[in-house]
Amino acid sequence: MPVKNRLAELQPEIAAWRQHLHENPELQYELYKTSAFVEARLREMELDEITTGIGKTGVVGVIKGRSNTSGKVVLLRADMDALPILEDTGLEYQSKTPGVMHACGHDGHTAMLLGASKYLSETRNFDGTVVLMFQPAEEGGAGAKAMIDDGILTRWGKVSEAYGMHNWPGIATGQFAVKPGPLMAATNTFRIVVKGRGGHAAKPHDTIDPTVIGSQIVLALQTIASRVNDPLKSIVVSVTSFQTSSEAYNVIPQQVELRGTVRTLYKESRELAGERVKAIAEGTALAHGAEAEVEWIEGYPGVINHEVETGYAIKVAEEVSGVPVHPILPTMGGEDFAYVLEEVPGAYIFMGNGDTAGVHHPAYNFDDTAIPAGSSWLVGMVESRLPIA
């Protein structure tokens with residue numbers, strides 16, 4: 001099952017779709033033009049069903065195979081949203097919207113799933129049903145959960161397996177990397193407000209200095225990774241913002257606010273981190289006569305690939321690329337396809353984007369030569385998991 005000849009033929013058309021999406025990026029759930037473009041392309045393909053407004057601006061396509069003796073439903077997913085980044089690529093099709101760009105390759109993901117949709121609607125060489133999930137708001141908006149809440153996993157038949165893909169700079173274009181088990185981190189954020197007693201900087205003895213207390217909290221939080229969590233279970237604790245209520249040179253502020261993120265690969269680490277952030281902040285503040293208010297915000301769960309389905313994904317990836325999948329360690333980045341994998345078996349795979357700028361960088365661009373391989377993998381997952389009897 002190498003790259004499909006038909007998809008290689010369609011590459012210029014799919015690349016044109018991708019470049020149109022790149023030129024017209026939209027954020028989060030505000031994907032009105034993007035969703036309309038996807039819907040229009042799907043209607044040209046004569047799918048069995050197309051539904052918009054799932055998860056606010058998500059689009060769902062349904063393709064039925066030549067037969068349905070299996071009764072199975074396979075879901076394929078692509079995210080559609082862009083990022084609030086000022087593009088610096090100099091491309092002819094550079095973003096027309098200042099401060100918004102496709103810096104994570106979601107334009108490529110959407111185009112590749114459209115290409116796979118066209119192929120599957122033409123051939124229907126499978127036994128069962130395919131649900132196409134064109135998702136909004138992966139970048140922080142939990143669009144996958146919104147589409148799940150709107151019934152994507154059951155409305156068109158109970159989804160049996162689900163598969164998704166993300167491009168990955170640094171891996172050869174069109175090759176793949178994946179592993180079973182934890183692949184991407186759970187994401188949490190925290191906000192800590194330390195309330196002391198402000199005053200004149202020349203009289204620190206008359207104050208309870210929240211800047212000093214906040215600084216000690218920043219340092220103490222690092223012990224969650226170094227002294228509390230199992231060292232074989234990765235965790236990242238980063239304080240990313242430290243703001244005082246006064247910016248004057250001669251004023252000790254009344255309070256300071258810390259913000260940050262915690263990334264974990266294992267549920268027990270996630271729960272432990274939440275407990276320790278609260279205990280460290282409150283305990284450190286109390287020891288100095290101050291008060292700390294802690295807000296712990298649950299983000300995306302971790303992406304946990306199912307072992308059997310990851311094996312299926314590897315088999316197809318190696319057939320398409322002609323080389324073994326690359327070994328890969330988990331990444332501490334987050335991804336909301338995790339919500340899907342919490343509900344149904346499946347796998348999430350990385351596809352090489354070559355030697356390009358990294359994702360979320362203003363010079364990043366999706367490599368259009370990867371399109372035939374990516375679309376072929378998506379098609380391959382359907383045809384291998386829903387074989388004609």
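Glu-161 is found in strand β5 (residues 161–168), where helices (H or I, at least four residues) and strands (E, at least two) are DSSP runs numbered from the N terminus. The structure is a predicted model, in which local features need pLDDT of at least 70 and side-chain atom pairs count only at pLDDT 80 or more, while totals for chains, interfaces and linings use all residues. Residues are numbered from 1 along each chain as its sequence is written, and side-chain values use heavy atoms, with hydrogens and water left out.

With a relative accessibility of 6%, Glu-161 counts as buried; the term means under 20% relative accessible area, with exposed over 50% and partly exposed in between (1.4 Å probe, protein chains only). Leaving aside neighbours within four places in sequence, Glu-161 is in contact with Val-73, Val-74, Leu-75, Glu-309, Tyr-312, Pro-345 and Arg-385, contact meaning heavy atoms within 4.5 Å. Gln-243 lies 82 residues from Glu-161 in sequence, and their C-alpha atoms are 46 Å apart in space.

Which strands make up the sheet that contains β5? Seven strands form this open sheet, in the order β1-β2-β4-β3-β5-β15-β6, with mixed pairing. The edges are taken by β1 (49–54) and β6 (176–177); each has a single partner strand, so one side of each is left without a neighbour in the sheet. In general, strands of a sheet pair through backbone hydrogen bonds, either parallel or antiparallel; here, two strands pair if DSSP finds at least two bridges between them. β5 and β15 pair in the parallel sense over seven bridges, and Asn-167 stands opposite Met-351 in β15. Helix α3 packs on the sheet and touches β2 (58–64), β3, β4, β5 and β15, its direction making about 145° with that of β3. Axes are lines fitted to C-alpha atoms, for helices over the stretch in contact, and angles run from 0 to 180 degrees between N-to-C directions. Another helix, α10, lies across β3, β4, β5, β6 and β15 and runs at about 165° to β5.

Within this sheet, strand β3 (residues 73–79) is mostly covered, seven of its seven residues being buried. Val-73, Leu-75, Arg-77 and Asp-79 are buried on one side, and Val-74, Leu-76 and Ala-78 are buried on the other. Seven bridges join β3 to strand β4 (residues 129–135), and the two strands run parallel. Arg-77 has Met-133 as its bridge partner in β4.

Not counting residues up to four places away in sequence, Asn-353 touches Asn-167, Trp-168, Pro-169, Ile-171, Thr-173, Tyr-364, Asn-365, Phe-366 and Asp-367.

Attention now turns to helix pairs. Two packed helices are described by the angle between their axes and the distance between the axes. For helix α1 (residues 5–23) and helix α3 (residues 106–123), the axes come within 9 Å and cross at roughly 140°. The two helices are therefore oblique to each other: angles under 35 degrees count as roughly parallel, over 145 as roughly antiparallel, 65 to 115 as roughly perpendicular and the rest as oblique. The residues of the contact of α1 with α3 divide into 10 nonpolar, four polar and six charged. In this grouping, Ala, Val, Leu, Ile, Met, Phe, Trp, Tyr, Cys and Pro count as nonpolar, Asp, Glu, Lys and Arg as charged, and the others, Gly among them, as polar.

A second open sheet has four strands in the order β10-β12-β8-β13, and its pairing is antiparallel. Its edge strands are β10 (235–244) and β13 (291–298); each has a single partner strand, so one side of each is left without a neighbour in the sheet. Neighbouring strands are turned by 15° against each other on average, direction ignored. Strands β8 (residues 186–195) and β12 (residues 255–264) run antiparallel and are joined by 10 bridges, with Val-194 opposite Val-256 in β12. Helix α5 (residues 210–221) packs on this sheet, touching β8, β10 and β12. Helix α7 (residues 267–287) lies across β8, β10, β12 and β13.
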